[in-house]
Amino acid sequence: MNRVPFPSLARSLLLVTVCGGITLAASVFLGLSGGSSGISFTSLWYLMTASAPGEGVTAAIIWDIRLPRVILAAATGSTLAISGLVFQALLRNPLSEPYILGLSGGAAVGALIGMLLGFASFPGITILAFVGGFSSLFLVVAIARHRSEREENTLLLGGVMVNAFCGALIMLMLALSKDTQLRSAVFWLMGDLSQADFRKLPLLLLLLPAMTILFLNARSLNLLLLGRDSAAAFGINIRSFTYMALGLTSFMVGMVVSQTGLIGFVGLVVPHVFRLIVGSDHRLLMPLCLFGGGSFLILCDLFARTLPPQGEIPVGILTALIGAPLFICLLWKAKT
Amino acid sequence: MPSYHRKQKVFRYAFLFVVFFGWLLPVPAGASTENNSAVRHVIDLTGRNVEIPALPKRVISLAPAITEMIFSLGKQEVLLATVEYSNHPPQAGDLPRVGSYIRPDLEKIVAFQPDLVLATRDGNPRHVVDQLDRLSIPVFAIDPRNLEHIQKSLLALGTVFEATPRAEAIASSMARRLALIDEHVKLITYRPRVFFQVDAEPIVSIGEDTFLHELITRAGGRNVATGSIPYPRFNWEQVLSLQPEIVIITSMSGGRQPEWLRQQWQRWPQIEAVRNDRIHVVDADLFDRPTQRLVDGLETLTRYLHPQLFAPGRFDPKISVDRSGEL
């Protein structure tokens, strides 16, 4: 077995990391400098270069209101993009994505049950979100498995149906809940980053080990692209690997959905854009999705909270406006 | 696997995560600390212990009702901003907006550098209050959930802004008018069935746990839409079977014209209220703002429920009957 990496891999990885890091840093800078109270690059630059953390209103707005929001957006975008990437390789379907497959919807149902029962965000809501997401994903994959290998759209149809069912469950819970709870939940359905809070952010550190494990298995994802038989020939235990990867992504998505609500299509847009640029080597795609997904959602959120003069809109509206047409294009391309 | 590969891998991942999450580490806690000379400790109407400036000068109101109360106390000059739909008195419309009362815009609030934020327990999201707390911006919350608590809220705001005489005058005038209404309603022998409609598509009414329910009862009526759900939805089948004798519709129902709202009901002559032409569209602001104007609303409601009390010579002339509220 050839274990020596491509000669250029280390260099490509370094390049990818540097470019991705710069893009992410630039997005963070933009995300911190703009908001509903105005946009100012100079005051942010002044605050960042100053030796003391800074006091006063501008400092409070940037560090205590925008920063947790930007961090939440970055972590959510990265998680969704990486999950989309993993699904697309694992299920060998380029249209797979946590939102489309019903994983986000299932996680949202779990999280909403937790919220209505008055659970704490950790572990209660997170665990319920994970359970909800994993069961809906498991259901979708199980539906697809009973079909022949070629009918890959069964996966999407199963996802659409599970999504519709979860959507109905969510609406049912909202219709039965009291009016005041409902108002904020409507925003949550289309993705709401406005509740970002420093006290909840440390939870997101749990995403790190999951992302690390997935990155360590990037090579297995490459081999899976060659087909199940070839991957098995290279010594991959497909069954256990699939369960491991699906479990990890469900955990990650459950974690972010319980904090942000339903944000769709990030896992579709970001991996596809990068696949066009660097090809299908997951060892490069994984870090690119990490940086790119984070940057993408930070920028979408920046637009969501600065552009509408009436006040901010849910960020999921923007990601769906960008992602749904792309989904149609991909479907079109797959047909011809 | 040769160990140098592993080392290389470990280094690679370490680098990756430092680049991505490194900027998470230096989290400055730059909360604004107002350098106000005198502060005092008060307990707000939700039981929170708050430290507020001795005399707040830069205030943001997070509800139209609060804005209205501040104006009625004559303290509008302290108001920096308020939320959407703050339209009473008309001058309140000129104030800058910081989101709506359901979704206040935290960043805009902080940008105004208020020394006090006024919130209401029902409606303002708890997480916004918590975040303001952590930014050391004091939040004084009131809870005007019924007529008695509106008076309490006014008195509490009077204390906060050192306008106690004014607040007491308003509260006691409210109490006087309420006592007068109670006195007259005591004379009635029959409580008509009332359907109070707050939204048109779908029809939404009010449950038992609302101040509007209390208002109907106090005006001498029976709310037919009972139940523990605060704002229950109805369809025409249910409405028909409830057979209301009087229908009160607030003008904001679904953004519709009063004429259209009335016509929806007039399709159903089977309903007693329709047959007897007792469908009334009222000014929504008199009923969905928990302020002293709710007494105007109560008087309006009493007039519609018991017009015989208002027959010439029957009703105490001290009750203002000039404002019918009919649209």
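What follows is a short tour of some features of this predicted model.

## Chain B at a glance

Let's start with the overall make-up of chain B. The chain has 327 residues, and 53% of them count as buried.

The largest nonpolar core holds 94 residues, and Ile82(A), Leu90(A) and Met286(A) have the most contacts inside it. Helix 3 of chain A, which runs over residues 56-90, gives this core its largest share, with 18 residues. Apart from that core there is another one, made of 54 residues, including Ala63(B), Leu116(B), Leu147(B) and Leu294(B).

Which residues does Ile82(A) touch once you leave out its neighbours within four places in sequence? The list is Met211(A), Leu214(A), Met252(A), Met286(A), Cys289(A) and Leu290(A).

## A buried serine in chain A

Now find Ser295(A), which sits in helix 13 of chain A, residues 282-306. Is Ser295(A) buried or exposed? It counts as buried, because its relative accessibility is 5%, and the cut-off for buried is under 20%.

A polar atom of the Ser295(A) side chain lies 2.8 Å from the backbone oxygen of Phe291(A). Not counting residues up to four places away in sequence, Ser295(A) also touches Thr23(A), Leu24(A) and Ser27(A).

## A covered strand in chain B

Over in chain B, strand 7 spans residues 193-197 and is mostly covered, with four of its five residues buried. Which strands does it pair with? One partner is strand 9 (residues 222-223) of chain B, in the parallel sense and over two bridges. Here Arg193(B) stands opposite Arg222(B).

Strand 11 of chain B is another partner of strand 7, again in the parallel sense, this time over four bridges. Within that pairing, Phe195(B) has Val247(B) of strand 11 as its bridge partner.

Pro89(B) is found in the loop between strand 4 (79-81) and helix 3 (106-111) of chain B.

Next come two residues with a positive phi. For Ser136(B), a residue other than glycine, phi is near 60°. You'll find Ser136(B) in the loop between helix 4 (126-134) and strand 6 (139-142) of chain B. Its relative accessibility is 38%, so Ser136(B) counts as partly exposed. Gln243(B) also has a positive phi, near 50°, and its place is the loop between helix 8 (236-242) and strand 11 (246-250) of chain B. Gln243(B) counts as partly exposed too, because its relative accessibility is 23%.

Note on methods. Residues are numbered from 1 along each chain as its sequence is written. Chains are lettered from A and ligands numbered from 1 in the order in which they are written. This is a predicted model: local features need pLDDT of at least 70, side-chain atom pairs count only at pLDDT 80 or more; totals for chains, interfaces and linings use all residues. Side-chain values use heavy atoms; hydrogens and water are left out. A nonpolar core is a set of buried Ala, Val, Leu, Ile, Met, Phe, Trp, Tyr and Cys residues joined through side-chain atoms within 4.5 Å. Buried means under 20% relative accessible area, exposed over 50%, partly exposed in between (1.4 Å probe, protein chains only). Contact means heavy atoms within 4.5 Å. Two strands pair if DSSP finds at least two bridges between them. A polar contact is a pair of N or O atoms within 3.5 Å; within protein, one must be able to donate a hydrogen and the other to accept it, and residues adjacent in sequence count only if both atoms are side-chain atoms.
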